[in-house]
Amino acid sequence: MTSEQHLAPFRMPDRLFAELAAGGGSAAAVAFLERAERARRLLLLRTLLDHLDALPTPLAPAAEAWRVLKEAAEKSPEPVERLLLAPATGGWISHMLRRVQGTATGPPLWAEAGHLCALALSASLHAGTETTLDVPLTSGRLPLPGLGMVRLPDAREGLAVGRATTAGGELAVTGPGNATGTVRATCHPLRERADVDEAVAEGGIWLPLRTLTHTGPDGTAPVTVVLEDLDPYRDLDDHLPPARLDEDEAQEWQRLFGEAVRILARPGIPGPGRVDPAMIRAIVPFGRTAVSPPPPPFVQVSASSGDSFGGMLIVRPASALALAETLVHELQHSKLAALLHLFPLLEDDRAERYYAPWRTDPRHLTGLLHGAYAFTGVAGFWRDRLAGAEGGEAVERAAYFFALRRLQSRLAVRTLLTSGRLTVQGRALVSGLARTLDGWLREPVPDAALTRARTAAALHRTEWRLRNVDPAVEMPSDGPRFRPDRTWWPDVRTHAFATHPAAPHTADEHLAAGDAAAALARYAGQLAADPAEPHALAGWIVARAVLDPGRETRRMLARPELLQPLPSG
(Lines give C-alpha, C1' and ligand atoms only; values in the text may rest on other atoms or scores of the structure.)
Protein backbone atom coordinates (compact mmCIF):
# COMPACT_ATOMS: atom_id res chain seq x y z
CA MET A 1 0.00 0.00 0.00
CA THR A 2 1.66 3.14 -1.20
CA SER A 3 0.24 6.39 -2.47
CA GLU A 4 2.91 6.61 -5.18
CA GLN A 5 2.25 3.29 -6.93
CA HIS A 6 1.10 3.41 -10.55
CA LEU A 7 -2.00 1.33 -11.19
CA ALA A 8 -2.62 -0.37 -14.52
CA PRO A 9 -6.05 0.14 -16.10
CA PHE A 10 -8.66 -2.37 -14.99
CA ARG A 11 -10.03 -4.61 -17.71
CA MET A 12 -12.95 -6.74 -16.63
CA PRO A 13 -13.09 -10.17 -18.33
CA ASP A 14 -16.21 -10.62 -20.44
CA ARG A 15 -17.33 -13.65 -18.45
CA LEU A 16 -17.29 -11.70 -15.19
CA PHE A 17 -19.26 -8.83 -16.72
CA ALA A 18 -21.77 -11.34 -18.09
CA GLU A 19 -22.24 -12.83 -14.61
CA LEU A 20 -22.86 -9.43 -13.10
CA ALA A 21 -25.10 -8.34 -15.98
CA ALA A 22 -27.33 -11.35 -15.38
CA GLY A 23 -27.90 -10.01 -11.86
CA GLY A 24 -25.59 -12.44 -10.07
CA GLY A 25 -21.85 -12.64 -9.74
CA SER A 26 -19.44 -15.32 -8.57
CA ALA A 27 -16.84 -14.86 -5.85
CA ALA A 28 -14.34 -14.09 -8.63
CA ALA A 29 -16.57 -11.33 -10.03
CA VAL A 30 -17.07 -9.73 -6.63
CA ALA A 31 -13.34 -10.02 -5.88
CA PHE A 32 -12.62 -8.16 -9.13
CA LEU A 33 -14.99 -5.38 -8.08
CA GLU A 34 -13.29 -5.19 -4.70
CA ARG A 35 -9.86 -4.83 -6.32
CA ALA A 36 -11.21 -2.02 -8.45
CA GLU A 37 -12.68 -0.36 -5.39
CA ARG A 38 -9.30 -0.63 -3.66
CA ALA A 39 -7.61 1.19 -6.55
CA ARG A 40 -10.29 3.86 -6.57
CA ARG A 41 -10.03 4.35 -2.82
CA LEU A 42 -6.26 4.81 -2.97
CA LEU A 43 -6.64 7.39 -5.71
CA LEU A 44 -9.26 9.27 -3.68
CA LEU A 45 -7.06 9.07 -0.60
CA ARG A 46 -4.11 10.51 -2.53
CA THR A 47 -6.35 13.39 -3.64
CA LEU A 48 -7.51 13.94 -0.07
CA LEU A 49 -3.96 13.93 1.30
CA ASP A 50 -3.05 16.71 -1.12
CA HIS A 51 -5.81 18.81 0.47
CA LEU A 52 -4.95 17.87 4.05
CA ASP A 53 -1.27 18.72 3.70
CA ALA A 54 -2.17 22.42 3.68
CA LEU A 55 -4.86 22.23 6.40
CA PRO A 56 -4.00 24.04 9.66
CA THR A 57 -4.40 21.57 12.53
CA PRO A 58 -3.48 21.19 16.21
CA LEU A 59 -3.12 17.44 15.57
CA ALA A 60 -0.36 15.35 14.05
CA PRO A 61 0.11 16.42 10.41
CA ALA A 62 -1.54 14.27 7.77
CA ALA A 63 1.86 13.39 6.32
CA GLU A 64 2.97 11.99 9.69
CA ALA A 65 -0.19 9.89 10.08
CA TRP A 66 0.26 8.61 6.52
CA ARG A 67 3.87 7.68 7.30
CA VAL A 68 2.71 5.62 10.28
CA LEU A 69 0.11 3.87 8.10
CA LYS A 70 2.67 2.99 5.43
CA GLU A 71 5.17 1.72 8.01
CA ALA A 72 2.49 -0.54 9.52
CA ALA A 73 1.41 -1.76 6.07
CA GLU A 74 4.97 -2.79 5.22
CA LYS A 75 5.15 -4.86 8.39
CA SER A 76 1.59 -6.26 8.48
CA PRO A 77 -0.07 -5.68 5.11
CA GLU A 78 -3.26 -7.74 5.56
CA PRO A 79 -4.80 -5.99 8.60
CA VAL A 80 -3.93 -2.57 7.17
CA GLU A 81 -5.58 -3.53 3.88
CA ARG A 82 -8.71 -4.49 5.83
CA LEU A 83 -8.67 -1.08 7.49
CA LEU A 84 -8.40 0.78 4.21
CA LEU A 85 -11.08 -1.35 2.53
CA ALA A 86 -13.53 -1.12 5.44
CA PRO A 87 -16.83 0.47 4.40
CA ALA A 88 -16.52 3.18 7.06
CA THR A 89 -13.08 4.18 5.74
CA GLY A 90 -14.54 4.68 2.29
CA GLY A 91 -17.30 6.75 3.84
CA TRP A 92 -14.78 8.94 5.64
CA ILE A 93 -12.65 9.54 2.53
CA SER A 94 -15.63 10.58 0.43
CA HIS A 95 -17.13 12.69 3.22
CA MET A 96 -13.81 14.51 3.65
CA LEU A 97 -13.54 15.19 -0.07
CA ARG A 98 -17.02 16.73 0.07
CA ARG A 99 -15.94 18.75 3.11
CA VAL A 100 -12.89 20.24 1.40
CA GLN A 101 -15.00 21.01 -1.67
CA GLY A 102 -17.62 22.74 0.46
CA THR A 103 -20.51 20.37 -0.31
CA ALA A 104 -20.81 18.78 3.13
CA THR A 105 -20.80 19.95 6.74
CA GLY A 106 -19.75 18.49 10.06
CA PRO A 107 -17.49 19.08 13.07
CA PRO A 108 -14.44 21.35 12.63
CA LEU A 109 -12.53 20.22 9.57
CA TRP A 110 -9.29 19.62 11.46
CA ALA A 111 -11.12 17.22 13.80
CA GLU A 112 -12.60 15.21 10.95
CA ALA A 113 -9.24 15.15 9.19
CA GLY A 114 -7.85 13.73 12.44
CA HIS A 115 -9.63 10.45 11.71
CA LEU A 116 -6.57 9.64 9.63
CA CYS A 117 -4.62 9.60 12.92
CA ALA A 118 -7.11 7.08 14.32
CA LEU A 119 -6.61 4.88 11.25
CA ALA A 120 -2.86 5.15 11.70
CA LEU A 121 -3.12 4.14 15.37
CA SER A 122 -5.20 1.07 14.50
CA ALA A 123 -2.65 0.09 11.86
CA SER A 124 0.21 0.60 14.31
CA LEU A 125 -1.47 -1.62 16.91
CA HIS A 126 -1.95 -4.41 14.38
CA ALA A 127 1.65 -4.18 13.19
CA GLY A 128 3.19 -3.78 16.65
CA THR A 129 4.97 -0.56 15.70
CA GLU A 130 5.59 2.39 18.00
CA THR A 131 4.21 5.87 17.44
CA THR A 132 2.86 8.95 19.18
CA LEU A 133 0.18 11.10 17.57
CA ASP A 134 -1.96 14.02 18.68
CA VAL A 135 -5.58 13.02 18.06
CA PRO A 136 -9.09 14.51 18.28
CA LEU A 137 -11.20 13.50 21.30
CA THR A 138 -14.96 14.00 21.43
CA SER A 139 -16.02 14.10 25.10
CA GLY A 140 -13.07 11.85 25.85
CA ARG A 141 -13.87 9.30 23.13
CA LEU A 142 -11.31 8.05 20.62
CA PRO A 143 -12.67 5.58 18.03
CA LEU A 144 -10.14 3.15 16.61
CA PRO A 145 -11.38 1.86 13.22
CA GLY A 146 -11.59 -1.91 13.09
CA LEU A 147 -10.87 -2.27 16.80
CA GLY A 148 -13.31 -0.35 18.98
CA MET A 149 -13.28 2.82 21.06
CA VAL A 150 -11.48 4.22 24.10
CA ARG A 151 -13.47 6.33 26.59
CA LEU A 152 -11.41 8.43 28.99
CA PRO A 153 -12.85 8.71 32.51
CA ASP A 154 -13.90 12.16 33.73
CA ALA A 155 -12.90 13.69 30.41
CA ARG A 156 -13.79 17.21 29.35
CA GLU A 157 -17.03 17.45 27.37
CA GLY A 158 -16.84 18.55 23.75
CA LEU A 159 -13.98 18.54 21.30
CA ALA A 160 -10.40 18.43 22.60
CA VAL A 161 -6.90 17.40 21.58
CA GLY A 162 -5.41 14.28 23.16
CA ARG A 163 -2.24 12.29 22.77
CA ALA A 164 -2.10 8.60 21.86
CA THR A 165 0.93 6.32 22.05
CA THR A 166 1.30 2.76 20.76
CA ALA A 167 3.98 0.26 21.67
CA GLY A 168 3.88 -3.53 21.46
CA GLY A 169 0.13 -3.62 20.89
CA GLU A 170 -0.57 -1.38 23.90
CA LEU A 171 -2.41 1.92 23.53
CA ALA A 172 -2.14 4.80 25.99
CA VAL A 173 -4.38 7.86 25.60
CA THR A 174 -4.26 11.10 27.58
CA GLY A 175 -6.54 14.09 27.38
CA PRO A 176 -7.91 17.05 29.38
CA GLY A 177 -10.07 16.22 32.37
CA ASN A 178 -13.30 17.79 33.57
CA ALA A 179 -11.60 19.79 36.31
CA THR A 180 -7.85 20.29 36.01
CA GLY A 181 -4.96 18.29 34.74
CA THR A 182 -5.23 15.30 32.43
CA VAL A 183 -6.85 11.87 32.40
CA ARG A 184 -5.33 8.71 31.00
CA ALA A 185 -6.39 5.29 29.76
CA THR A 186 -4.26 2.31 28.78
CA CYS A 187 -5.55 -0.79 27.00
CA HIS A 188 -4.53 -3.68 24.75
CA PRO A 189 -7.11 -3.58 21.93
CA LEU A 190 -5.85 -6.70 20.15
CA ARG A 191 -6.22 -8.79 23.30
CA GLU A 192 -9.69 -7.67 24.34
CA ARG A 193 -12.40 -10.25 23.80
CA ALA A 194 -14.86 -9.14 21.14
CA ASP A 195 -17.77 -10.74 23.01
CA VAL A 196 -17.32 -8.50 26.04
CA ASP A 197 -19.68 -5.52 26.07
CA GLU A 198 -17.36 -3.23 28.04
CA ALA A 199 -13.84 -4.04 29.12
CA VAL A 200 -12.38 -1.81 31.82
CA ALA A 201 -8.91 -0.60 30.94
CA GLU A 202 -6.45 0.97 33.38
CA GLY A 203 -8.22 4.18 34.28
CA GLY A 204 -10.65 4.13 31.35
CA ILE A 205 -13.21 2.14 29.42
CA TRP A 206 -12.57 0.09 26.30
CA LEU A 207 -15.46 -0.80 24.00
CA PRO A 208 -14.41 -3.59 21.60
CA LEU A 209 -15.65 -3.82 18.04
CA ARG A 210 -18.66 -6.08 17.68
CA THR A 211 -18.75 -8.75 15.00
CA LEU A 212 -21.19 -11.29 13.61
CA THR A 213 -19.79 -14.74 12.90
CA HIS A 214 -20.85 -17.57 10.66
CA THR A 215 -19.29 -20.84 9.54
CA GLY A 216 -19.38 -21.92 5.91
CA PRO A 217 -21.45 -24.95 4.88
CA ASP A 218 -18.26 -26.98 4.37
CA GLY A 219 -17.22 -26.39 7.97
CA THR A 220 -14.51 -23.88 7.15
CA ALA A 221 -13.21 -21.39 9.68
CA PRO A 222 -15.75 -18.81 10.84
CA VAL A 223 -16.09 -15.65 8.80
CA THR A 224 -16.72 -12.39 10.64
CA VAL A 225 -18.84 -9.46 9.56
CA VAL A 226 -18.47 -6.21 11.48
CA LEU A 227 -21.55 -5.08 13.41
CA GLU A 228 -20.59 -1.43 13.37
CA ASP A 229 -22.12 0.70 16.14
CA LEU A 230 -19.09 2.88 17.00
CA ASP A 231 -17.30 4.27 13.94
CA PRO A 232 -18.24 7.93 13.35
CA TYR A 233 -18.31 7.33 9.55
CA ARG A 234 -20.57 4.29 9.53
CA ASP A 235 -23.50 6.37 8.23
CA LEU A 236 -24.02 7.09 4.53
CA ASP A 237 -23.33 10.83 4.78
CA ASP A 238 -22.95 12.42 8.20
CA HIS A 239 -20.55 12.16 11.10
CA LEU A 240 -22.37 10.19 13.83
CA PRO A 241 -21.79 9.72 17.56
CA PRO A 242 -21.51 6.11 18.75
CA ALA A 243 -24.79 4.25 19.35
CA ARG A 244 -23.66 1.24 21.37
CA LEU A 245 -26.06 -1.69 21.21
CA ASP A 246 -27.28 -3.25 24.42
CA GLU A 247 -25.83 -6.71 24.90
CA ASP A 248 -29.18 -8.43 24.35
CA GLU A 249 -29.74 -6.46 21.13
CA ALA A 250 -26.29 -7.52 19.89
CA GLN A 251 -27.17 -11.14 20.67
CA GLU A 252 -30.39 -10.79 18.70
CA TRP A 253 -28.38 -9.56 15.73
CA GLN A 254 -26.11 -12.61 15.99
CA ARG A 255 -29.08 -14.99 16.24
CA LEU A 256 -30.88 -13.46 13.27
CA PHE A 257 -27.70 -13.22 11.21
CA GLY A 258 -26.86 -16.87 11.83
CA GLU A 259 -30.35 -17.91 10.74
CA ALA A 260 -30.18 -15.62 7.69
CA VAL A 261 -26.87 -17.20 6.63
CA ARG A 262 -28.43 -20.67 6.84
CA ILE A 263 -31.31 -19.46 4.65
CA LEU A 264 -28.84 -18.16 2.07
CA ALA A 265 -26.67 -21.30 2.12
CA ARG A 266 -28.13 -22.84 -1.04
CA PRO A 267 -25.70 -24.88 -3.15
CA GLY A 268 -25.51 -24.35 -6.87
CA ILE A 269 -24.17 -22.01 -9.52
CA PRO A 270 -23.95 -18.40 -8.25
CA GLY A 271 -26.81 -16.40 -9.64
CA PRO A 272 -29.15 -13.53 -8.79
CA GLY A 273 -30.30 -13.82 -5.21
CA ARG A 274 -27.46 -16.05 -4.04
CA VAL A 275 -25.06 -14.36 -1.65
CA ASP A 276 -21.95 -15.58 0.09
CA PRO A 277 -22.07 -13.69 3.40
CA ALA A 278 -18.27 -13.43 3.25
CA MET A 279 -18.86 -10.74 0.60
CA ILE A 280 -20.44 -8.52 3.27
CA ARG A 281 -17.95 -6.32 5.10
CA ALA A 282 -20.08 -4.51 7.69
CA ILE A 283 -23.66 -4.14 8.88
CA VAL A 284 -24.63 -0.89 10.58
CA PRO A 285 -27.59 -1.37 12.96
CA PHE A 286 -29.86 1.62 12.56
CA GLY A 287 -32.58 3.20 14.67
CA ARG A 288 -32.66 0.89 17.67
CA THR A 289 -30.17 -0.13 20.35
CA ALA A 290 -32.38 -2.37 22.55
CA VAL A 291 -34.71 -5.32 22.07
CA SER A 292 -37.67 -3.27 23.28
CA PRO A 293 -39.96 -2.27 21.68
CA PRO A 294 -40.24 -5.37 19.48
CA PRO A 295 -38.89 -4.92 15.95
CA PRO A 296 -41.15 -4.90 12.87
CA PRO A 297 -41.64 -8.21 11.01
CA PHE A 298 -39.80 -7.02 7.91
CA VAL A 299 -37.02 -4.50 7.21
CA GLN A 300 -38.53 -1.03 7.10
CA VAL A 301 -35.28 0.84 6.38
CA SER A 302 -32.10 -0.30 4.69
CA ALA A 303 -29.53 1.58 2.65
CA SER A 304 -26.03 1.40 1.22
CA SER A 305 -23.58 3.78 -0.39
CA GLY A 306 -21.24 3.54 -3.36
CA ASP A 307 -18.56 5.02 -1.11
CA SER A 308 -18.77 2.05 1.31
CA PHE A 309 -18.43 -1.14 -0.73
CA GLY A 310 -19.75 -4.18 1.14
CA GLY A 311 -21.40 -2.11 3.88
CA MET A 312 -25.10 -1.78 4.60
CA LEU A 313 -27.27 0.08 7.07
CA ILE A 314 -30.26 -1.95 8.33
CA VAL A 315 -33.04 -1.59 10.86
CA ARG A 316 -33.16 -5.01 12.53
CA PRO A 317 -36.35 -6.92 11.71
CA ALA A 318 -37.96 -9.69 13.73
CA SER A 319 -37.53 -12.20 10.91
CA ALA A 320 -34.35 -13.88 9.70
CA LEU A 321 -36.01 -14.32 6.30
CA ALA A 322 -36.48 -10.55 6.05
CA LEU A 323 -32.84 -9.98 7.02
CA ALA A 324 -31.62 -12.51 4.44
CA GLU A 325 -33.65 -10.75 1.72
CA THR A 326 -32.16 -7.39 2.74
CA LEU A 327 -28.60 -8.73 2.67
CA VAL A 328 -29.21 -9.78 -0.94
CA HIS A 329 -30.82 -6.43 -1.80
CA GLU A 330 -28.05 -4.26 -0.37
CA LEU A 331 -25.19 -6.33 -1.75
CA GLN A 332 -26.75 -5.86 -5.19
CA HIS A 333 -26.49 -2.10 -4.66
CA SER A 334 -22.80 -2.46 -3.72
CA LYS A 335 -22.04 -4.46 -6.86
CA LEU A 336 -23.81 -2.02 -9.15
CA ALA A 337 -22.14 0.98 -7.49
CA ALA A 338 -18.75 -0.63 -8.13
CA LEU A 339 -19.70 -1.23 -11.77
CA LEU A 340 -20.73 2.43 -12.08
CA HIS A 341 -17.24 3.37 -10.86
CA LEU A 342 -15.76 1.31 -13.72
CA PHE A 343 -18.14 2.02 -16.59
CA PRO A 344 -20.35 4.92 -17.67
CA LEU A 345 -23.62 2.96 -17.79
CA LEU A 346 -26.04 5.78 -18.58
CA GLU A 347 -26.39 9.47 -19.31
CA ASP A 348 -28.55 10.77 -16.49
CA ASP A 349 -29.79 14.34 -16.20
CA ARG A 350 -30.89 13.43 -12.62
CA ALA A 351 -34.45 14.56 -13.33
CA GLU A 352 -36.80 12.53 -11.13
CA ARG A 353 -39.50 11.66 -13.64
CA TYR A 354 -39.63 7.85 -13.78
CA TYR A 355 -41.95 5.36 -12.13
CA ALA A 356 -40.14 2.89 -9.87
CA PRO A 357 -42.49 0.06 -8.79
CA TRP A 358 -40.95 -0.17 -5.31
CA ARG A 359 -40.97 3.56 -4.52
CA THR A 360 -43.72 6.04 -3.72
CA ASP A 361 -41.86 8.95 -5.36
CA PRO A 362 -40.54 9.53 -8.90
CA ARG A 363 -36.93 8.50 -9.51
CA HIS A 364 -34.08 9.50 -11.77
CA LEU A 365 -32.54 6.95 -14.14
CA THR A 366 -29.62 6.06 -11.88
CA GLY A 367 -32.03 5.32 -9.04
CA LEU A 368 -34.20 3.26 -11.39
CA LEU A 369 -31.16 1.26 -12.52
CA HIS A 370 -30.17 0.62 -8.91
CA GLY A 371 -33.70 -0.53 -8.10
CA ALA A 372 -33.91 -2.81 -11.14
CA TYR A 373 -30.58 -4.43 -10.26
CA ALA A 374 -31.40 -4.82 -6.57
CA PHE A 375 -34.88 -6.23 -7.10
CA THR A 376 -33.70 -8.65 -9.78
CA GLY A 377 -31.55 -10.08 -7.00
CA VAL A 378 -34.53 -10.06 -4.65
CA ALA A 379 -36.64 -11.89 -7.26
CA GLY A 380 -33.90 -14.52 -7.47
CA PHE A 381 -33.89 -14.80 -3.69
CA TRP A 382 -37.62 -15.58 -3.65
CA ARG A 383 -37.24 -17.95 -6.60
CA ASP A 384 -34.82 -19.99 -4.50
CA ARG A 385 -37.19 -19.85 -1.54
CA LEU A 386 -40.03 -21.11 -3.73
CA ALA A 387 -37.92 -24.02 -4.98
CA GLY A 388 -37.18 -25.12 -1.42
CA ALA A 389 -40.43 -24.11 0.30
CA GLU A 390 -42.34 -26.63 2.41
CA GLY A 391 -45.85 -25.96 3.63
CA GLY A 392 -48.70 -23.95 2.17
CA GLU A 393 -47.97 -20.51 3.60
CA ALA A 394 -44.24 -20.65 2.79
CA VAL A 395 -44.99 -21.62 -0.81
CA GLU A 396 -47.69 -18.95 -1.05
CA ARG A 397 -45.46 -16.15 0.23
CA ALA A 398 -42.40 -17.14 -1.83
CA ALA A 399 -44.47 -17.51 -5.01
CA TYR A 400 -46.09 -14.11 -4.48
CA PHE A 401 -42.86 -12.21 -3.94
CA PHE A 402 -41.10 -14.02 -6.79
CA ALA A 403 -43.97 -13.17 -9.14
CA LEU A 404 -44.21 -9.57 -7.91
CA ARG A 405 -40.51 -8.72 -7.98
CA ARG A 406 -39.85 -10.29 -11.38
CA LEU A 407 -42.78 -8.34 -12.85
CA GLN A 408 -41.77 -5.05 -11.26
CA SER A 409 -38.09 -5.45 -12.20
CA ARG A 410 -38.96 -6.25 -15.81
CA LEU A 411 -41.10 -3.10 -15.99
CA ALA A 412 -38.18 -0.98 -14.78
CA VAL A 413 -35.82 -2.72 -17.20
CA ARG A 414 -38.16 -1.88 -20.08
CA THR A 415 -38.15 1.78 -19.02
CA LEU A 416 -34.35 1.79 -18.98
CA LEU A 417 -34.05 0.10 -22.37
CA THR A 418 -36.47 2.55 -24.01
CA SER A 419 -35.01 5.66 -22.36
CA GLY A 420 -32.36 6.18 -25.03
CA ARG A 421 -29.86 7.10 -22.31
CA LEU A 422 -27.91 3.86 -21.82
CA THR A 423 -24.29 3.63 -22.92
CA VAL A 424 -22.97 0.57 -24.75
CA GLN A 425 -21.98 -1.02 -21.46
CA GLY A 426 -25.23 0.08 -19.85
CA ARG A 427 -27.31 -1.51 -22.58
CA ALA A 428 -25.29 -4.73 -22.24
CA LEU A 429 -25.92 -4.76 -18.49
CA VAL A 430 -29.64 -4.01 -18.68
CA SER A 431 -30.11 -6.48 -21.55
CA GLY A 432 -28.54 -9.12 -19.33
CA LEU A 433 -31.10 -8.35 -16.63
CA ALA A 434 -33.86 -8.53 -19.24
CA ARG A 435 -32.75 -12.03 -20.33
CA THR A 436 -32.74 -13.22 -16.73
CA LEU A 437 -36.17 -11.79 -16.01
CA ASP A 438 -37.71 -12.98 -19.28
CA GLY A 439 -36.61 -16.49 -18.42
CA TRP A 440 -38.15 -16.23 -14.98
CA LEU A 441 -41.42 -14.83 -16.33
CA ARG A 442 -41.90 -18.12 -18.18
CA GLU A 443 -41.52 -20.15 -14.99
CA PRO A 444 -44.79 -21.42 -13.48
CA VAL A 445 -46.13 -19.87 -10.28
CA PRO A 446 -49.32 -20.94 -8.43
CA ASP A 447 -52.27 -19.11 -9.96
CA ALA A 448 -53.55 -17.52 -6.75
CA ALA A 449 -50.16 -16.05 -5.85
CA LEU A 450 -49.63 -14.86 -9.42
CA THR A 451 -53.01 -13.11 -9.45
CA ARG A 452 -52.32 -11.35 -6.15
CA ALA A 453 -48.90 -10.24 -7.41
CA ARG A 454 -50.35 -8.78 -10.59
CA THR A 455 -53.07 -7.05 -8.59
CA ALA A 456 -50.60 -5.59 -6.09
CA ALA A 457 -48.40 -4.32 -8.93
CA ALA A 458 -51.40 -2.66 -10.63
CA LEU A 459 -52.52 -1.11 -7.33
CA HIS A 460 -49.09 0.39 -6.66
CA ARG A 461 -48.75 1.95 -10.11
CA THR A 462 -52.31 3.29 -10.03
CA GLU A 463 -51.96 4.88 -6.61
CA TRP A 464 -48.52 6.25 -7.55
CA ARG A 465 -50.01 8.09 -10.51
CA LEU A 466 -53.01 9.35 -8.53
CA ARG A 467 -50.74 10.78 -5.84
CA ASN A 468 -47.91 12.07 -8.04
CA VAL A 469 -49.09 12.97 -11.55
CA ASP A 470 -50.75 16.31 -12.22
CA PRO A 471 -53.88 15.67 -14.36
CA ALA A 472 -54.14 19.35 -15.27
CA VAL A 473 -50.93 19.27 -17.34
CA GLU A 474 -50.93 17.60 -20.73
CA MET A 475 -48.51 14.69 -20.86
CA PRO A 476 -45.25 15.95 -22.44
CA SER A 477 -42.95 13.72 -24.48
CA ASP A 478 -40.32 13.47 -21.73
CA GLY A 479 -42.72 12.10 -19.10
CA PRO A 480 -45.45 13.30 -16.75
CA ARG A 481 -45.51 16.52 -14.75
CA PHE A 482 -46.04 16.12 -11.06
CA ARG A 483 -48.44 17.55 -8.54
CA PRO A 484 -47.01 20.43 -6.48
CA ASP A 485 -48.77 19.12 -3.36
CA ARG A 486 -47.53 15.53 -3.51
CA THR A 487 -46.16 14.00 -0.32
CA TRP A 488 -44.83 10.66 0.85
CA TRP A 489 -47.46 7.95 1.25
CA PRO A 490 -47.34 4.53 2.88
CA ASP A 491 -47.30 1.51 0.58
CA VAL A 492 -49.32 -0.89 2.74
CA ARG A 493 -50.40 -3.27 -0.01
CA THR A 494 -47.13 -4.84 -1.14
CA HIS A 495 -46.82 -6.94 2.03
CA ALA A 496 -50.54 -7.14 2.76
CA PHE A 497 -51.19 -9.06 -0.48
CA ALA A 498 -48.49 -11.65 0.22
CA THR A 499 -50.94 -14.25 1.53
CA HIS A 500 -54.58 -15.10 0.90
CA PRO A 501 -56.81 -13.55 3.63
CA ALA A 502 -58.61 -16.28 5.54
CA ALA A 503 -61.59 -14.11 6.51
CA PRO A 504 -61.61 -10.91 4.43
CA HIS A 505 -63.30 -7.83 5.88
CA THR A 506 -61.77 -4.72 4.28
CA ALA A 507 -61.90 -3.78 0.62
CA ASP A 508 -58.21 -4.61 0.18
CA GLU A 509 -58.67 -8.01 1.82
CA HIS A 510 -61.58 -8.87 -0.48
CA LEU A 511 -59.48 -7.88 -3.49
CA ALA A 512 -56.55 -9.96 -2.25
CA ALA A 513 -58.95 -12.88 -1.75
CA GLY A 514 -60.09 -12.60 -5.36
CA ASP A 515 -63.57 -11.18 -4.69
CA ALA A 516 -63.37 -8.06 -6.85
CA ALA A 517 -67.13 -7.39 -6.68
CA ALA A 518 -67.15 -7.21 -2.88
CA ALA A 519 -64.01 -5.06 -2.97
CA LEU A 520 -65.55 -2.71 -5.54
CA ALA A 521 -68.61 -2.13 -3.37
CA ARG A 522 -66.51 -1.33 -0.33
CA TYR A 523 -64.20 1.01 -2.25
CA ALA A 524 -67.30 2.81 -3.60
CA GLY A 525 -68.53 3.25 -0.03
CA GLN A 526 -65.23 4.85 0.97
CA LEU A 527 -65.29 7.12 -2.08
CA ALA A 528 -68.79 8.32 -1.23
CA ALA A 529 -67.26 10.03 1.81
CA ASP A 530 -64.08 11.22 0.03
CA PRO A 531 -64.26 10.94 -3.80
CA ALA A 532 -60.61 11.84 -4.37
CA GLU A 533 -58.99 9.62 -1.71
CA PRO A 534 -56.11 8.00 -3.68
CA HIS A 535 -55.90 4.67 -1.83
CA ALA A 536 -59.59 3.87 -2.25
CA LEU A 537 -59.73 5.27 -5.78
CA ALA A 538 -56.77 3.11 -6.85
CA GLY A 539 -58.53 0.07 -5.39
CA TRP A 540 -61.78 0.97 -7.15
CA ILE A 541 -60.03 1.32 -10.53
CA VAL A 542 -58.17 -2.00 -10.22
CA ALA A 543 -61.22 -3.88 -8.94
CA ARG A 544 -63.25 -2.48 -11.85
CA ALA A 545 -60.54 -3.61 -14.27
CA VAL A 546 -60.62 -7.11 -12.82
CA LEU A 547 -64.39 -7.33 -13.31
CA ASP A 548 -64.46 -5.69 -16.74
CA PRO A 549 -61.06 -5.94 -18.49
CA GLY A 550 -62.08 -3.92 -21.52
CA ARG A 551 -60.71 -0.93 -23.41
CA GLU A 552 -62.25 1.63 -21.04
CA THR A 553 -60.72 0.11 -17.94
CA ARG A 554 -57.38 -0.27 -19.69
CA ARG A 555 -57.44 3.48 -20.32
CA MET A 556 -58.23 4.07 -16.64
CA LEU A 557 -55.29 1.92 -15.62
CA ALA A 558 -52.97 3.73 -18.04
CA ARG A 559 -53.94 7.27 -16.94
CA PRO A 560 -55.89 6.95 -13.68
CA GLU A 561 -55.19 10.60 -12.79
CA LEU A 562 -57.58 11.65 -15.58
CA LEU A 563 -60.53 9.92 -13.92
CA GLN A 564 -63.22 12.20 -12.50
CA PRO A 565 -63.08 12.34 -8.70
CA LEU A 566 -66.46 10.59 -8.39
CA PRO A 567 -66.55 7.42 -10.50
CA SER A 568 -69.85 6.25 -11.88
CA GLY A 569 -71.12 2.78 -12.67
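Me: Which elements each supply at least two residues of the lining of the largest pocket?

Reply: This is a predicted model, where local features need pLDDT of at least 70, side-chain atom pairs count only at pLDDT 80 or more, and totals for chains, interfaces and linings use all residues. Residues are numbered from 1 along each chain as its sequence is written, and side-chain values use heavy atoms, with hydrogens and water left out. Helices (H or I, at least four residues) and strands (E, at least two) are DSSP runs numbered from the N terminus. Here, the contributors are S12, H9, H10 (365-388), H11 (392-417), H13 (447-468) and H14 (493-496). H9 gives the most, with 9 residues.

Me: How do I read a pocket, and which residues are closest to the centre of the largest pocket?

Reply: Rolling a probe the size of a water molecule over the atoms shows where empty space is left. On a 1 Å grid over the protein atoms alone, with a 1.4 Å probe, a pocket is an open set of points with protein on both sides within 12 Å along at least five of seven lines; lining residues have an atom within 4 Å of a point. Of the 49 lining residues here, the closest to the centre are Gln300, Ser302, His329, Trp358 and Phe375. The space comes to about 1,600 Å³, a volume being what is filled by probe spheres set on the points.

Me: Ser302 again: what stands opposite Ser302?

Reply: Two strands pair if DSSP finds at least two bridges between them. S12 (302-303) is an edge strand, and S12 pairs with S13 (311-314) in the antiparallel sense over 2 bridges. Opposite Ser302 you'll find Ile314 in S13. The whole open sheet has 5 strands, ordered S9-S10-S11-S13-S12, with mixed pairing.

Me: Where does the second largest pocket lie?

Reply: Domain bounds come from an automatic or database domain assignment. Domain 1 (30-208) and domain 2 (211-342) both give residues to the lining of the second largest pocket, so it lies between them. About 1,000 Å³ of space is in there. Arg82, Leu209, Thr224, Val226 and Arg281 lie nearest its centre, out of 41 lining residues. H4 (77-85) gives the most to that lining, with 5 residues.

Me: How many nonpolar residues does the lining of the second largest pocket have?

Reply: Ala, Val, Leu, Ile, Met, Phe, Trp, Tyr, Cys and Pro count as nonpolar, Asp, Glu, Lys and Arg as charged, and the others, Gly among them, as polar. This lining has 23 nonpolar, 9 polar and 9 charged residues.
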